[in-house]
Amino acid sequence: MDFLKKHIEWLPVIFMVIVLSGSLPYKFGILSAAQPTHIFNTVGEWLNSDLFKEYGAIFIGIVELVASISLIIPKTRIYGAILALGTMAGAIFFHLFTPLGVTVQWIENGLPTEDTDLFYSAVLVFICAIWLLLRRRNELPIIGDML
């Protein structure tokens, strides 16, 4: 039982790392796909920011890469959880309050396509990050001792 209690957080950590790092090849342009292009163009237009359209995917990709690495290392896991929480809060916000929508719809190869997986994955990573922060709240900088 002590083993399970000690290592239980690896399950949500592995899930978060899979989700966060899974889209990195698309965000860094290693693999091209219509969906991430549509997402960052839609949000960039909503923000009225050509900078976000051009570099938003790379910036978010860097943050998600740092979060993934930080989550894997137990001593930095709390910082990875903070980065994951913030990044997913942004993703959830943009899905809910912009034209992007919970169901992302785009045209690929001339065919209309839609996907809800990104939104629900963001929600699950957000929940896992909150759980991890609560579990390791004593490690939080500045406020950890107060909790």
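Helix axes are lines fitted to C-alpha atoms over the stretch in contact, and angles run from 0 to 180 degrees between N-to-C directions.

**View 1. Packing of helices α6 and α7 in the predicted model.** The axes of α6 (residues 77-97) and α7 (residues 117-135) approach within 8 Å and cross at roughly 145 degrees. The contact (heavy atoms within 4.5 Å) involves residues of α6 including Ile78, Leu85, Met88 and His95, and residues of α7 including Phe119, Val123, Phe126 and Leu133. The crossing of α6 with α7 is left-handed, meaning that the near helix is turned anticlockwise from the far one by less than a right angle.

**View 2. Secondary structure and extent of the protein.** Seven helices and two strands are present, in the order α-α-α-α-α-α-β-β-α along the sequence. Helices (H or I, at least four residues) and strands (E, at least two) are DSSP runs, numbered from the N terminus. A box of roughly 55 × 30 × 25 Å along the principal axes holds the C-alpha atoms.

**View 3. Burial and charge in the protein.** The side chains include 9 positive (Lys and Arg) and 12 negative (Asp and Glu), His and the chain ends not being counted. The centres of the two charge sets lie 16 Å apart, each charge being placed at NZ of Lys, CZ of Arg, CG of Asp or CD of Glu.

**Notes.** Residues are numbered from 1 along each chain as its sequence is written, and side-chain values use heavy atoms, without hydrogens and water. In this predicted model, local features need pLDDT of at least 70 and side-chain atom pairs count only at pLDDT 80 or more, whereas totals for chains, interfaces and linings use all residues.

Definitions and conventions: Buried < 20%, exposed > 50% of the residue type's maximum accessible area, 1.4 Å probe, protein only.
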